[in-house]
Every structure is written in structure tokens, then in C-alpha cells.
Amino acid sequence: MLAEGADLGGDMAKIDPGKYGVNTLAVRAGQQRTEQGENSEPLFLTSSFVFKDAAQAAARFADEEPGNIYSRFTNPTVRIFEERLAAMEGTERCIATSSGMSAILSTCLGLLKAGDHVVSSRSIFGTTVNLFNNVLSRFGIETSFVPIDDYAAWDAAVTNKTRLLFLETPSNPLTEIADIQRLADIAHQRGCLLVVDNCFCTPALQQPFQFGADIVIHSATKYLDGQGRCIGGGVLGSEELLGEGIFGILKNGGPSMSPFNAWVFLKGLETLSLRMQAHSRNAAELAGWLRAQRGIERVYYPGLAGHPQHELAKRQQKDFGGIVSFVVAGGKKTAWRLIDHTELFSITANLGDSKSTITHPATTTHFRLTDEEQRQAGISPGLVRLSAGHEDISDLKNDLRSALLIALN
Ligand SMILES: *Cc1c(COP(=O)(O)O)cnc(C)c1O
């Protein structure tokens, strides 16, 4: 069922996404005013929709007439969010979901069956690893993990059962960059689809469809909201890929986005580009500054000229993003002391907030890995990850400087 929204009665036509740039789309795409003439998008906080008569109800259920039935399927506020994000990523369709994880789950349930195989970058969000290894495996879907930038390993891991190649770029927490075009070519030569989790860059900085990706995943919880308020996500791609299987999971499985959350995310999208520029600016400043400090052994940030994929990042991204990781001398003890002695940084594993956050990957986001797995993945005991927020850069530096002084003594 492809339930298009009912005409809201207003006189405003939706804009044509093909005509405009991403910043215009971020504030305008998908909006259709009601007869009230509101300027800001309306919040339709309703679970169901009424029909003018029994015949109309029957026509809607039979998919003979477009329009809303029930907010598990469609809701006008959620639809504005979906159309806006799809326009910004440059694709036909978005299906909004209750979280980033349910976006990945819905994609797998919608496109895979028992016996199918997934090849994934090993540098992905920890819960996604758990979903592949501990949940989907129980339903007969197996996953192989490969180093993100070892293209021969990606190709070698594909079997005749492989349906999806899955990655995040830049990776978390080491900000490794994969060449999306190259992986799309491998996927398509082998009859597979390329799925890119674009959480770290957002369409403001990177549009994976331009490089051949088939599906883009979002955790709206992070930068799309940008102020740490709501959980949500989305799956994006062509009508053909999303329309049947994945939308069917939404209708029948119910991981739908709440209209309230969609409204919050819509307001987030309006400022997304500005915020991503500001996050990137503060992160670049912190990365450069950290590199010059005593007691810092290594800094990971794609914007640094010494980053192994700096040139690729410049080609593939508009800016380098808000995440910086670094290794302090003295291992876990120093890392914990540094974290504990910051005043402005929130100690939380979340990211993409206007508040700067700080975390110790080895004992939080990556604690489930064995010592050997951590070593392989580059998660050393002294590694600290920052998500740069919008505080004054001088305050962030001063805070890190005094925390570092205490931690090293
Ligand atoms: C947080 C995150 C997710 C999961 O999103 P939720 O909204 O927390 O379910 C998926 N991928 C990446 C890269 C993330 O950072």
C-alpha cells in the first residue's frame, strides 16, 4: 500500500525537490500547509483518521483511494519528515522508524530471508553488531565482518548467499573512511545491495546515493535532532526497494515513528547544515589543538592532513564532521581521570548533541569486545572519543587542558 497523504486543504503546493539545493530542501521540502495557513509544520498528534463514509473507509483499506488510515502506516507530520529527508539525501522515498536500530532491523527483515548472508564493516555501531550476531543469526541470517578499508576482503567475503553489504563511514570511534563508490561497485558486480548508515555525516555533509549506495540508514536520534531529545530513525532508497518489503515491516511489525518525534526532527533538519558546519569547526579546532598537547599520543580526525584517508574524506564529504578521538599516554587510568575531570563535557555515549560529550570506548561502547578484538579494532585503553558541541571553542580547550593536566599528574 502506498498511502499518499490526503490533501490538507491548503493552497500551498509541495516544492519540487529537483529544483533546489540541500539547504532549501532542509527548511521547505515536504511541507503542505493546511487551510489554517500555518508557517511552521503542523503536529498531527492523532493515532487514527476518520472517513467521510463507509465507502471511503473501504476504498482506503482496498488501496483504491490514497489517504491516511492509521498512524502506524502514515501520519501527515511523519510524512513531511520523510519527504524532507528523502529530498535532502536525493532519493525517492524515506520510511521513518521509531529508532535507528529499528531502521536497520526493518531493512534486514524487509529485504532478507533465512539463509541469506550479510557482509559488514567490522567498525560499526556496537548494537548493530549485536543485532547481526545475536538476533538475525537466530533467524538464519549470517553476517561476516571485514576491515572497513580492505576492499579485497569485502569482495572475498561475498558468497552466492550474500544480499547486503553494510557500513558506516566515517567509522566510530576511529573515523576511518571507506570509499562508498568502490564498495557500491563491488556490491553491484556481485548482485548485492550497498547499505550505508549515514549517521555521522548526515546529508548535510555526505550523500551516499551520489556514490552508488542503494539504501541509506539514519539514526535521527543523533545529528538530525541535534539536541538530544528524541529517539528515531529512517530507511531511505528507491520506491522499488522500500515500497513493498520494508514498508510491509512497518505496517505489520509496527516500528513506526511518533508524530511528536517527527515534528522535533523536522525542526532539527531546518538547522542541520548550520549545525554540522559548527560541529565540524569545533571538532577540527579540537583535533588540531589536541595533537600539539603533551601526553596525547595520537589524534583521529579525517580533517587532519595526516589522517590516512584525508584525501578521500575531502572528495566524499563536504566537511569532516563532529567526532574526534584521541589516545592519552598512561592508558585507561589517565583516560578515566581526564574524562572525570572535565567540567563542560557530558559523560555519555551519545553523540551529535549541541552539548559536547566525552566517552571511553573500551569500557562503554566497545566493552563487549574481547581484549584481542579491541586490539584488532584499534580500541586502545587510552582512547577517548569526543563529540564536539556548540560551546565556545576556547572554553572547550580550557576544560580539556585543565583535565589533561590533572590526569597526567
Ligand atoms: C546511535 C546509532 C545507531 C542506532 O540509533 P538509535 O536511534 O539509538 O536506535 C545506529 N547507527 C549509528 C552509527 C549510531 O550512532
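Where is Pro173 found? I looked it up and found Pro173 in the loop between β4 and α7. Helices (H or I, at least four residues) and strands (E, at least two) are DSSP runs, numbered from the N terminus.

**Ground rules.** I am working with a predicted model, in which local features need pLDDT of at least 70, side-chain atom pairs count only at pLDDT 80 or more, and totals for chains, interfaces and linings use all residues. Residues are numbered from 1 along each chain as its sequence is written, and side-chain values use heavy atoms, with hydrogens and water left out.

**Backbone.** I checked the peptide bond from Asn172 to Pro173, and it is cis, with omega near 5 degrees. Another cis peptide bond joins Thr169 and Pro170, with omega about 0 degrees. Pro170 has its place in the loop between β4 (162-168) and α7 (180-189). I then noted Asp63, a residue other than glycine with a positive phi, near 65 degrees. Asp63 lies in the loop between α2 (54-61) and α3 (76-89).

**Domains.** I read the division as domain 1 (17-270) and domain 2 (273-408); such bounds come from an automatic or database domain assignment. The contact takes 33 residues from domain 1 and 37 residues from domain 2, where contact means heavy atoms within 4.5 Å. Taken over C-alpha atoms, the centres of the two domains are 28 Å apart.

I looked up the interface next. Domain 1 and domain 2 bury about 2,900 Å² between them, with 53% of it on carbon and sulfur atoms. Buried area is the accessible area (1.4 Å probe) that two parts lose on being put together, summed over both.

**Largest pocket.** I wrote down the rule before the result: on a 1 Å grid over the protein atoms alone, a pocket is an open set of points where a 1.4 Å probe fits, with protein on both sides within 12 Å along at least five of seven lines, and lining residues have an atom within 4 Å of a point. The lining of the largest pocket has 26 residues, and Arg122, Val129, His366, Leu369 and Glu373 lie nearest its centre. The elements giving two or more residues to this lining are α5 (126-135) and α14 (371-377). The largest share, 6 residues, comes from α5.

Why does the largest pocket lie between the domains? Domain 1 and domain 2 both give residues to its lining, so the pocket lies between them.
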